[in-house]
Amino acid sequence: MKPALITLLCALSAASPALAEAPRIEGATAHQNGSSWTISVTLSHADTGWEHYADGWRVLDENGRELGLRVLAHPHVNEQPFTRSLSGIAIPEGTRHVTLQARCIVDGWSDESFRLTLP
C-alpha cells in the first residue's frame, strides 16, 4: 500500500467516532406489590459520557404494548453494569411474561430484548 493511502486511512479512522454496542439487559427481577409490579433491570452499555449513554428501558406486554418506561437521566460511565428499578407497573392479570428493551441516546431502542417470566 502506498504511504499516502496509509496516512489517509489512519486519519479517517482516527476521525470516526467509536461505535458502542447496543445497551444490553444482563438480568431482571419482578415483584408484585398488591395490584402493581416493581421490575429491576441490570443493564450494561459502553457509556462514554453525556454524548452517548444508555438512557432508558421499557416493559412491554406480550402484544408489544408499553406498560412502563424507566428513563435514565445521566450516563453511568464508571458504574457498569448497573441496576435500576421501576415501580407501579400495571401488568394485566394472567400475564406470564413481559419483554424488556433497553435504549441508548444515540442509537435508540436495542434490537435485542429480554424476556422476563413473572413469578
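The structure holds 1 cavity of 30 Å³ or more, where a cavity is a set of points, on a 1 Å grid over the protein atoms alone, at which a 1.4 Å probe fits but cannot get out, and where lining residues have an atom within 4 Å of a point. The model is a predicted one, in which local features need pLDDT of at least 70 and side-chain atom pairs count only at pLDDT 80 or more, while totals for chains, interfaces and linings use all residues. Residues are numbered from 1 along each chain as its sequence is written, and side-chain values use heavy atoms, with hydrogens and water left out.

The largest cavity has about 40 Å³ of space, a volume being the space filled by probe spheres set on the grid points, which are joined across faces, edges and corners. Its lining consists of Pro23, Arg24, Ile25, Leu100, Gln101, Ala102, Ser110, Glu112, Ser113 and Phe114. Strands β1, β6 and β7 (108-117) each supply at least two residues of this lining, and the largest share, 4 residues, comes from β7.

The largest pocket, a pocket being an open set of points with protein on both sides within 12 Å along at least five of seven lines, has about 170 Å³ of space. Gln32, Ser35, Trp37, Ile91, Pro92, Glu93, Gly94, Thr95, Arg96, Leu118 and Pro119 line this pocket.

As for the overall fold, the protein chain contains 1 helix and 7 strands, helices (H or I, at least four residues) and strands (E, at least two) being DSSP runs numbered from the N terminus. Read from the N terminus on, the order of the elements is α-β-β-β-β-β-β-β. Of the 119 residues in the protein chain, 39% are buried; buried means under 20% relative accessible area, exposed means over 50%, and partly exposed lies in between, with a 1.4 Å probe and protein chains only. The protein chain exposes about 7300 Å², of which carbon and sulfur atoms supply 53%, the areas coming from the Shrake-Rupley method with a 1.4 Å probe and, for residues, with only the protein chains shown as cover. Among contacts (heavy atoms within 4.5 Å) between residues at least 6 apart in sequence, 55% join residues at least 24 apart.

The largest nonpolar core has 21 residues, of which Ile39, Leu43, Val98 and Leu100 touch the most other members; such a core is a set of buried Ala, Val, Leu, Ile, Met, Phe, Trp, Tyr and Cys residues joined through side-chain atoms within 4.5 Å. At least two residues of this core come from each of β1 (24-33), β2 (36-44), β3 (54-60), β5 (82-89) and β6 (97-104), with β2 giving the largest share, 4 residues. Leu100, which also lines the largest cavity, touches Ile25, Ala28, Ile39, Val41, Arg58, Val59, Ser113, Phe114 and Leu116, if residues up to four places away in sequence are not counted.

Ala30 lies in strand β1 and counts as buried because its relative accessibility is 9%. Leaving aside residues up to four places away in sequence, Ala30 touches Trp37, Thr38, Ile39, Leu116, Leu118 and Pro119, and its C-alpha atom is 6.5 Å from that of Ser40, 10 residues apart in sequence. Gln32 also lies in strand β1, yet Gln32 is partly exposed, because its relative accessible area is 49%; its C-alpha atom and that of Ser87, 55 residues apart in sequence, are 9.4 Å apart in space.

Trp57 is placed in strand β3 and counts as buried, with 0% relative accessibility. The C-alpha atoms of Trp57 and Ala102 are separated by 4.2 Å, although these residues are 45 residues apart along the chain.

Two loop positions complete the account. Ala46, in the loop between β2 and β3, counts as partly exposed because its relative accessibility is 45%. Pro81 lies in the loop between β4 (66-71) and β5, and a cis peptide bond, with omega of about -15 degrees, joins Gln80 and Pro81. Most peptide bonds are trans.
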